[in-house]
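Here are my notes after a pass through the coordinates. Have a look at the structure first, then read on.

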Amino acid sequence: MTKKNKEIVIIPNKQINLNQMINCIDYNLAKIPLIKKRSTSGLFFLQVSKFAPLLNSFKFFLALTRRETKVPFKQSHVLPIKLKFPSKRFLRNLEEVLYGINAKCDINNELQTDYAAGYECASSDSFSGTPESMEIEANKVEDIAGIPDSVNPDKLTYNIDYSLLDNLKNIDNLPIAEIQNINADTCLENGEFNITATLNKTGNLKSTYNDVWIKFSVPETRGLCEITIKDKNMSMTCQNEENFYITQIFIERQAVQDSEGNEIFFIESFINPEQFACDISLNIKSPDEKNNTSTDETTGRRFMFRNKNFGLSGGAIAAIVICLVVAIAIVAILISRKFKEMRKNNEHFKGDSTISGFIPGGKQNYINKM
């Protein structure tokens, strides 16, 4: 499979039969059925925040929205979580990652509006230790549409706290944009595409916005966009973040933020009728660093090691350490050989016949030692 321009293999079972033929398909194609299933739920991701690590436990806050009031908010959601722990290993730049932990999110009945609701989430599975951070495994969530690929509260930016009812009420009044067209004629050349959309209302929207992210669900990429609004017409010029081969574009309903992390409008779900490919834009300016970690996923609970976003990778550090050890060993061997040669020379000088020196004039004089 190909995910974000990387070849990965997802092993669904703890044991595999190496004599059995295994077929792989493109990651984007494999994700399409999940995207379609999510869209039938009628519930959409809004915010995850307030991660609180505890001893053998954790808590966090989740906010969801719905397009129509006839769609009921579920009383609870079970979300698959992976936890990161500080490593006790020699290479301090590594983390231990625990997969297969579930979190149960229960609705807060006092934190609900016509179109949004808040949930209090906590670990429902046992584990040992105090986690350093968490991430929702979005590729396993089937009942919440628009959930980001890697839902890490430390990586997502929010300027508004939706665990407060007055703030959550503002979601009900956000404008809604419906995409009319995506023009990607030059996307493969320069990584730029253009979106045109219409708004149901303008509300308090400004005429222009810069550095606004629009997220694709398939393929897994984002566009950093400049937005122009005139009346109810919206145009976006976007710089693509991840290159992808020719494919159909799926966009899930999402709350779009300005550069400060304020939600400004919703984009409705959209499937582009035409397929296209796109290169990475050289004009993109990402505000966050990518997580330089393996994309390997597993359904079983186990520990793995990951690199943090800063400093050298664990592999690089290990390579440096190994090279230093080898270099020191080589130097030690050379020094040992040198000492052996010196010892042999000293024994040779103590023999019956030695070179005592040179007579001025250039002729060597061999003298038997008395």
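**Notes on charge pairs and one tryptophan**

1. Let's start with the charged groups. Lys-31, Asp-149 and Glu-220 are joined in a network of salt bridges. Keep in mind that this is a predicted model. Side chains of opposite charge can pair when their charged atoms come close. How many salt bridges does the structure hold? The count is 13.

2. One of the pairs is Lys-50 with Asp-161, a salt bridge with an N to O distance of 3.2 Å. Lys-50 sits in strand S3 (residues 43-54), while Asp-161 is in the loop between strand S9 (150-151) and helix H2 (165-169), so this contact ties together parts 111 residues apart in sequence. Lys-50 is partly exposed at 48% relative accessible area, and Asp-161 is partly exposed too, at 24%.

3. Next, Glu-135 and Lys-82: their closest N and O atoms are 3.5 Å apart, in a salt bridge. The pair links distant parts of the chain, with Glu-135 in strand S8 (residues 133-137) and Lys-82 in strand S5 (residues 76-86), 53 residues apart. Buried or exposed, these two? Both Glu-135 and Lys-82 are buried.

4. Glu-68 and Lys-70 also form a salt bridge, at 3.9 Å from N to O. Glu-68 is partly exposed, with 36% relative accessible area, whereas Lys-70 counts as exposed at 67%.

5. The C-alpha atoms of Trp-213 and Cys-225 are 6.0 Å apart, with the two residues 12 positions apart along the chain.

Note on methods:
Residues are numbered from 1 along each chain as its sequence is written. This is a predicted model: local features need pLDDT of at least 70, side-chain atom pairs count only at pLDDT 80 or more; totals for chains, interfaces and linings use all residues. Side-chain values use heavy atoms; hydrogens and water are left out. A salt bridge is a side-chain nitrogen of Lys or Arg within 4 Å of a carboxyl oxygen of Asp or Glu. Helices (H or I, at least four residues) and strands (E, at least two) are DSSP runs, numbered from the N terminus. Buried means under 20% relative accessible area, exposed over 50%, partly exposed in between (1.4 Å probe, protein chains only).
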